[in-house]
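Have a look at the picture first, then read on.

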Amino acid sequence: KLYYGFLSRLSAVAKCQTLILGGNHDSPATLHAPRDVLRALNVRVIASPPEDPADGLLEFEHAVVCAVPYLRERDVRTAAPGQSADEVAAAIRTGVTKHYRTIYTLARSKALERLIVATGHLTAAGSQTSPSERTIHIGNLGAVDAACFDGFAYTALGHIHRPQSIGEDGRVR
């Protein structure tokens, strides 16, 4: 009730577009279930990576947003028998980076003079965890380097419960 009431008020009062992205604790099926109805409230739900990466692009007057939810391991790699833990971690990082490079390329073809902004729900190398996080999957298994986000004017990341900048230019937060 709180969720739908908030989205209704946000649509009526603020007259803004709302983007809901899936995180590591969310059920994509549960978030996606009402997405067609929520479109009437100007709410866009992306709980898991769309089959067509272009469906994750939101176009605005001054920006193109690459709406990337939490990427589960199955979203970014195919398991292979006999892989070591280091090989799995490397495959996850490669898959995440490939996903961002693909969606950036698509956004660049549409952006023209607009900024390209990315979202994400992941651990970036060099980020500092807070006491509220467990080290189970945060233990940098899939931590990507800030270079993964090269070209984006700004990247807004979730997952780590502490505000911080990653990389040298402050564009990844």
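Which residue forms a salt bridge with K110? The partner is E59, and the closest N and O atoms of the two are 3.8 Å apart. Keep in mind that this is a predicted model.

- The K110–E59 pair links distant parts of the chain: K110 is in helix α5, E59 is in strand β3 (residues 57–59), and they are 51 residues apart.
- K110 has a relative accessible area of 35%, so we call K110 partly exposed.
- E59 comes out at 43% relative accessibility, so E59 is partly exposed too.
- R114 also meets E59 in a salt bridge, with 2.7 Å from N to O.
- This pair links distant parts of the chain as well, since R114 is in the loop between α5 and β5 while E59 is in strand β3, 55 residues apart.
- Put together, E59, K110 and R114 make up a linked network of salt bridges.

**The R77–E73 salt bridge**

- R77 and E73 bring their side chains together in a salt bridge, at 2.6 Å from N to O.
- R77 has a relative accessible area of 15%, which is under the 20% cut-off, so R77 counts as buried.
- E73 is at 36% relative accessibility, so E73 is partly exposed.

**The nonpolar cores**

- The largest nonpolar core has 26 residues, and those touching the most other members are C66, V96, Y100, I116, L122, F149 and F152.
- Three elements, β4 (63–66), α5 (85–111) and β5 (115–121), each supply at least two residues of this core.
- Helix α5 gives the largest share, with 8 residues.
- Leaving out residues up to four places away in sequence, F149 touches Y100, R101, L122, V144, T155, L157 and V172.
- There is also a second, separate core of 7 residues, with L7, V43, V45 and A47 among them.

**Cysteines**

- How many disulfides are there? The count comes to 0.
- C16 has 28% relative accessibility, so C16 counts as partly exposed.

How values were computed. Residues are numbered from 1 along each chain as its sequence is written. This is a predicted model: local features need pLDDT of at least 70, side-chain atom pairs count only at pLDDT 80 or more; totals for chains, interfaces and linings use all residues. Side-chain values use heavy atoms; hydrogens and water are left out. A nonpolar core is a set of buried Ala, Val, Leu, Ile, Met, Phe, Trp, Tyr and Cys residues joined through side-chain atoms within 4.5 Å. Buried means under 20% relative accessible area, exposed over 50%, partly exposed in between (1.4 Å probe, protein chains only). Helices (H or I, at least four residues) and strands (E, at least two) are DSSP runs, numbered from the N terminus. Contact means heavy atoms within 4.5 Å. A disulfide is a pair of cysteine sulfur atoms within 2.5 Å. A salt bridge is a side-chain nitrogen of Lys or Arg within 4 Å of a carboxyl oxygen of Asp or Glu.
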